[in-house]
Amino acid sequence: TTPFWAWLDPGAFALIGAASFFGGVSRLTMSLAVILMEMTNDIQFLLPIMVTIMVSKWVGDLLTHSFYHALLEVKCIPFLDSEPFITHNGSPVSLELFKAGDAMSSPVVCVKKDESVSELAEKMLEYEHCGFPVVNDQNQLIGSVTRRILAVVLEFHFDQDRENVTYDEFLQHDPSFRQKTIFDKLVTDSGDKRINLDSYMNQSAVSVPLSFSLHRTYVLFRTLGLRHLIVTDDSNTVVGMLSRKDLMGHTLEDRLSPIISEVIERKAA
């Protein structure tokens with residue numbers, strides 16, 4: 001090597017290159033800087049590492065989203081951003097102008113608090129929903145119940161002919177591969193037996209009115225980490241359901257576009 005290049009430290013350039021690569025791929029900032037600093041144990045590298053990570057993050061954000069975001073899309077995992085970003089013909093749209101009823105899925109499959117075993121098994125066979133609203137005889141919302149809980153209750157009813165399942169049994173028991181066979185037999189052989197879901201349903205199920213702001217619905221759903229959000233009318237009757245897939249950007253654009261187009265046509269007329 002010539003004296004002109006004697007100042008070069010290959011290890012330092014390799015470290016800066018690694019910081020740039022991982023910063024651009026993962027978009028990590030503080031945690032990546034701490035990891036690389038612990039690898040080098042040299043405080044002199046702190047400034048160049050921080051500058052490299054920030055430049056790689058800015059360039060990456062300018063071009064595309066992160067590698068982990070891409071994996072979410074490949075695996076079709078419904079991930080909600082901190083704030084919804086919806087466009088119509090290239091222009092951003094505020095969700096404050098819309099209601100929860102504009103984005104909900106309906107009609108909703110509900111279960112009664114006192115439901116017959118055959119009807120409950122039939123709904124489990126026919127629908128693959130992960131949760132169901134629980135209503136009273138007047139079809140008013142009183143709670144919700146998950147599919148797993150219903151599956152465990154029905155299996156205990158089939159195997160041991162008993163309705164009451166303790167909390168410890170719920171923790172220790174997972175729905176078996178025999179679900180479909182069990183449900184088929186319960187549809188035809190359970191007679192007029194009934195199950196009271198009062199002990200198993202979530203009586204604090206979150207719900208919003210039909211006219212609730214869609215933007216606040218989105219924030220509420222994401223902040224609380226919900227899987228389902230029930231939509232009710234003025235009489236507390238279930239009229240719709242919101243899930244993560246209903247609040248994804250492309251789904252909202254598909255459902256809100258006809259409403260936006262109708263409003264534009266009215267203004268033009």
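Is tyrosine 68 buried, partly exposed or exposed, and what is its relative accessibility? Tyrosine 68 counts as partly exposed, at 48% relative accessibility; buried means under 20% relative accessible area, exposed over 50%, and partly exposed in between, with a 1.4 Å probe and protein chains only. This is a predicted model, in which local features need pLDDT of at least 70 and side-chain atom pairs count only at pLDDT 80 or more, while totals for chains, interfaces and linings use all residues. Residues are numbered from 1 along each chain as its sequence is written, and side-chain values use heavy atoms, leaving out hydrogens and water.

**Aromatic pairs**

- Rings of Phe, Tyr and Trp (its six-membered ring) pair if their centres lie within 6.5 Å; planes under 30 degrees apart count as stacked, over 60 as edge-to-face and the rest as tilted.
- By this rule there are two aromatic pairs.
- Phenylalanine 21 and phenylalanine 22 are edge-to-face, because their ring centres are 5.3 Å apart and their planes stand at 75°.
- Phenylalanine 67 and tyrosine 68 also form an edge-to-face pair, with 5.8 Å centre to centre and 65° between the planes.
- Phenylalanine 21 is exposed at 53% relative accessibility, whereas phenylalanine 22 is partly exposed at 44%.
- Phenylalanine 67 is partly exposed at 45% relative accessibility.

**Helix α5**

- Helices (H or I, at least four residues) are DSSP runs, numbered from the N terminus.
- Glutamate 122 is in helix α5 and is partly exposed, with a relative accessible area of 42%.
- The C-alpha atoms of glutamate 122 and valine 187 are 6.0 Å apart, although the two are 65 residues apart along the chain.

**Helix α3**

- Valine 51 lies in helix α3, residues 46–63, and is partly exposed, with a relative accessible area of 46%.

Definitions and conventions
Helix = DSSP H or I, 4+ residues; strand = E, 2+ residues; numbered from the N terminus.
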